[in-house]
Amino acid sequence: MTIGSSMSSGYCSLDEDLEDCFFTAKTSFFRSAQSKVPAKNVTQTVEEEKPEPPTIQEIKQKIEKYNAKVTNCLLMKLNDDGTYTGFIKVHLKLRRPVTVPAGIRPQSIYDALKEVNLAEMTDKRTSFYLPLDAIKQLHISSTTTVSEVIQGLLKKFMVVDNPQKFALFKEMRKDGQVLFQKLPLTEYPLYLRLLAGPDTDVLSFVLKENETGEVEWDAFSIPELQNFLMILDKEEKDKIQQVHRKYERFKQRLQQTLKEARGKPG
């Protein structure tokens, strides 16, 4: 299965003619509360005060400042109710194969308008790798959460994997280093884009596997697990060959050195 150039451009799940479209997925995820263990020798815990949400006037000023730096037509637009819409780009950096319906045609504008879920039209599944570092441009609202962005991306590419397998990261560059920070599901990506400005070298968004430190194997299907075993087997063989080649070269150099040493007069 191949993905054409259309994967690296376009808004939402529709075409550019539908300029008012943005993801408004209704589903949500439950996040387990993280227990906070108080540190030793601390007698009082002071909770960090959350900043007050910006006023409409402040948002308007930030949008004007943002749009002044935009070098293309991807401007932010303020609505009468204080919400705003704009664009973000998401880099897809997935190292594992994704699961998609087998034998399904790409989604058309008609399907998107009628909210046709092509993934539900067949029970057949297949796995393949998305192109490394593919880019998807999304037109979203200030109320669109990270959770909804992830679900919207998966729906666009007809990926039927559990959304909890994926996470959205913000990528930042500082002192010549590239830093990644995982975003909570309730974060608003467009607000982060507004604060950082339109320069993607300052801030960009990346969709990656949700590395939690412990793999939840129950979330994967049998074909996915079989694919992982095949991939691991191939990687193991490649590593073994690399080690063999490394020590073979080392052995040859030692033998050559010994040969030259024996040929020298004593």
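Me: How many helices and strands does the protein have?
Reply: This is a predicted model, and its elements are read here from the N terminus. Along the sequence, they follow the pattern α-β-β-β-α-β-β-α-β-β-α-β-α. The count is five helices and eight strands.

Me: Of the contacts with a separation of 6 or more, what percentage joins residues 24 or more positions apart?
Reply: The protein has 266 residues, of which 31% count as buried. Among its contacts with a separation of 6 or more, the share from residues 24 or more positions apart is 74%.

Me: Which elements do the buried residues of α3 pack against?
Reply: Helix α3 spans residues 146–156 and is mostly covered, with nine of its 11 residues buried. Among the buried ones are Val146, Glu148, Ile150 and Leu153. Just after the helix, Met158 takes a positive phi of about 55 degrees. The buried residues of α3 pack against β2, β5, β6, α4 and β8.

Me: Lys93 and Glu171 meet in a salt bridge; how many residues apart in sequence are the parts that the pair ties together?
Reply: The side chains of Lys93 and Glu171 meet with an N to O distance of 3.5 Å. Lys93 lies in the loop between β2 and β3, whereas Glu171 belongs to strand β6, so the parts tied together are apart in sequence by 78 residues.

Me: Which residues are linked with Lys93 in a network of salt bridges?
Reply: A search of the whole structure finds five salt bridges. One of them joins Lys93 to Glu171. The residues linked with Lys93 in the network are Glu171 and Arg173.

Me: Are the salt-bridge partners Lys165 and Asp161 buried or exposed?
Reply: The side chains of Lys165 and Asp161 meet in a salt bridge at 3.5 Å, N to O. A residue needs under 20% relative accessible area to count in the covered class. Both Lys165 and Asp161 are buried.

Me: By about how many helical turns are Asp238 and Lys234 separated?
Reply: Asp238 forms a salt bridge with Lys234, with 3.2 Å between the closest N and O atoms. Asp238 counts as partly exposed because its relative accessibility is 30%, and Lys234 counts as exposed because its value is 54%. An α-helix has 3.6 residues a turn, so residues three or four places apart point the same way. Asp238 and Lys234 are four residues apart in helix α5, so their separation is about one helical turn.

Me: What is the accessible area of the nonpolar patch that includes Val243?
Reply: Val243 is placed in helix α5, residues 222–263. Val243 counts as partly exposed because its relative accessibility is 43%. Together with Tyr247, Phe250 and Leu254, Val243 forms a nonpolar patch on the surface, and the accessible area of the four together is about 400 Å².

Me: Over which rings does the charged end of Lys208 sit?
Reply: One ring centre is 5.1 Å from the charged end of Lys208, and that ring belongs to Phe169. Another centre is 4.3 Å away, in the ring of Phe180.

Note on methods
Residues numbered from 1 in each chain as written. Predicted model: local features only at pLDDT ≥ 70, side-chain atom pairs only at ≥ 80, totals over all residues. Heavy atoms only, no water. Patch = residues over 30% accessible without salt bridge, like charges linked within 9 Å, V, L, I, M, F, W, Y side chains within 5 Å. Areas by Shrake-Rupley, 256 points an atom, 1.4 Å probe, with all protein chains shown as cover. Helix = DSSP H or I, 4+ residues; strand = E, 2+ residues; numbered from the N terminus. Buried < 20%, exposed > 50% of the residue type's maximum accessible area, 1.4 Å probe, protein only. Contact = heavy atoms within 4.5 Å. Lys NZ or Arg CZ within 6 Å of the ring centre and 35° of its normal.
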